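The sequence and structure are shown first.

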Amino acid sequence: MYEFEFARPASVAEAVKALSEEDAQALGGGQTLIPTLKQRLAMPSTLVSLSGIDEMKGIHSEGGQLVIGGAMTHADVAEGAEAYPALAALAGQIGDPAVRNRGTLGGSIANNDPAACYPAAVLGSGATIVTSAREIAADDYFQGMFTTALEEGEIVTAVKFPQPEVANYQKFLQPASRFALVGVFVARFADGVRVAVTGASEEGVFRWGAAEAALATDFSADAISGLTVEADGMIGDIHGTKAYRAHLVGVMTKRAVAAAS
Amino acid sequence: MTKVSMTVNGTPMSGDVEGRTLLVSFLRDQQGLTGTHVGCDTSQCGACVVHVDGKAVKACTMLALEAEGAEVATIEGQAAADGTLNAIQAAFQEHHGLQCGFCTPGMVMSAAALLKDNPKPSEGEIRHYLEGNLCRCTGYHNIVKAIMAASGQDVSAIAAE
């Protein structure tokens, strides 16, 4: 790692101030950032740890939504989000136990890894991302691989999850990295169905509109039997071809619907 | 340099560290607690697992300054002061849960974290919990057996492979 200064502010306001310094970088749980720093792929002047900010912690219900602090670890969510079982189950499948004890919700969605699990839950739930500056709808937040609507120095302080009638996440595990080779989050609300896919696309997490439309009229695995996603635009690598990932999107969506129904 | 203070195995410890100093470097290089191993240094292998405020973490993927004020437990604190092994360590010895021993500190610390939350885990739960701990010698069977035995469960049904 290159040298950097370390700051651990106690409030969001202090963190925002610290992040206004040139080349300052926010540190969530560090489960992606620290390996990145070790490879010298990043050279921040100051790392601003978000782990000491109490206002970014906690899980509570508010107006029918489950509000989870951005600094909550995957283990915290797996244990504490029992009001939203599909989300708790997703959090409990990220990485391994030691990684889940450090990695955070805010860190995961700020990074927006194309194979991360949380983006599928956030987009699939139609959640709202609360930042140090504003609130952003999930549909506007994810803008492609490792790209989000966050501005420089903007911090994800919480995520508000609407709670669907039923939901499920199915992850086809890439067993070495423990990321999703393909992961599909399906959520049925009174006014429609959302299907969010991670791991598959070169554009990062995306909604599968055709499946959403089909499931809105018939929420069953059979309803999407005739549907396919284009292999073009899928990720192709040594772990799976574009066509394989495109196929898995259909398979995992069906499994998620079957598990949720 | 910044001063960092934490309690390690019940003993207050402090030292001057850089922002980039990893928790595992603080433990090994500054405090001489070399029982915590660095295997892959990429948070894959789990040889560096320690407990921070009771939770298993990979000490190679946490900055020392993030552990300011924390209660840290390492493999050195597992046995009694007179060297008597704890139940997990004794079971690893009894059931041949190690060969070269490199992964063992992380395995024991992960097992301790598991048994704290789940005192009687099934074989499947143990295997699942150890996803982030790699062993290249044993093939895991005897590690799983040792953890079952340490939790007071009958291991006669687990085949010796």
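In this predicted model, 11 residue pairs are in polar contact across the interface of chain B and chain A, with both residues of each pair at pLDDT 80 or more. On the side of chain B that touches chain A, strand 4 of chain B gives the most, with 4 residues. That side divides by class into 9 nonpolar, 5 polar and 8 charged residues.

The contact between the chains involves 27 residues of chain A and 22 residues of chain B. About 2,100 Å² is buried between chain B and chain A, and carbon and sulfur atoms give 53% of this area. Three residues of chain B, namely Arg20(B), Thr61(B) and Glu66(B), supply 32% of the area that chain B buries against chain A, more than any other three residues.

Salt bridges between chain B and chain A number 6, while the count over all chains comes to 17. One salt bridge joins the side chains of Glu66(B) and Arg102(A), at 3.2 Å from N to O. Glu66(B) is also one of the three residues named above for the area that chain B buries against chain A. Another salt bridge brings together the side chains of Lys38(A) and Asp41(B), at 2.6 Å from N to O. This pair crosses between chains: Lys38(A) belongs to helix 2 (residues 33–38) of chain A, and Asp41(B) to the loop between helix 1 (23–30) and strand 3 of chain B.

Contact between them takes 16 residues from domain 1 of chain B and 15 residues from domain 2 of chain B. The area buried between domain 1 and domain 2 of chain B is about 1,200 Å², with 64% given by carbon and sulfur atoms. Within domain 1 of chain B, the residues that lose the most area to domain 2 are His37(B), His51(B) and Ile75(B), which together make up 39% of what that side buries.

The table sets out values for the two interfaces.

| Interface | Buried area | Salt bridges | Polar contacts |
|---|---|---|---|
| Chain B and chain A | about 2,100 Å² | 6 salt bridges | 11 residue pairs |
| Domain 1 and domain 2 of chain B | about 1,200 Å² | 0 salt bridges | 7 residue pairs |

On the side of domain 1 of chain B that touches domain 2, the elements giving two or more residues are strand 3 (49–52) and strand 4 (55–58) of chain B. The residues of this side comprise 7 nonpolar, 8 polar and 1 charged.

Chain A is divided into domain 1 (5–48), domain 2 (55–162) and domain 3 (166–260). A distance of 33 Å separates the C-alpha centres of domain 1 and domain 3 of chain A.

Over all chains, a search of the whole structure finds 5 aromatic pairs. One of them, formed by Tyr84(A) and Phe161(A), is edge-to-face, with 6.2 Å centre to centre and 80° between the planes. Tyr84(A) sits in the loop between helix 3 (74–80) and helix 4 (85–91) of chain A, and Phe161(A) in strand 8 (residues 156–162) of chain A, so this pair ties together parts that are 77 residues apart in sequence.

Technical notes:
Residues numbered from 1 in each chain as written. Chains lettered and ligands numbered in written order. Predicted model: local features only at pLDDT ≥ 70, side-chain atom pairs only at ≥ 80, totals over all residues. Heavy atoms only, no water. Contact = heavy atoms within 4.5 Å. Buried area = accessible area lost by both parts, 1.4 Å probe. Salt bridge = Lys/Arg side-chain N within 4 Å of Asp/Glu carboxyl O. Polar contact = N/O pair within 3.5 Å; in protein donor to acceptor, adjacent residues only side chain to side chain. Nonpolar A, V, L, I, M, F, W, Y, C, P; charged D, E, K, R; others polar. Phe/Tyr/Trp six-rings, centres within 6.5 Å; stacked < 30°, edge-to-face > 60°. Domains from an automatic or database assignment.
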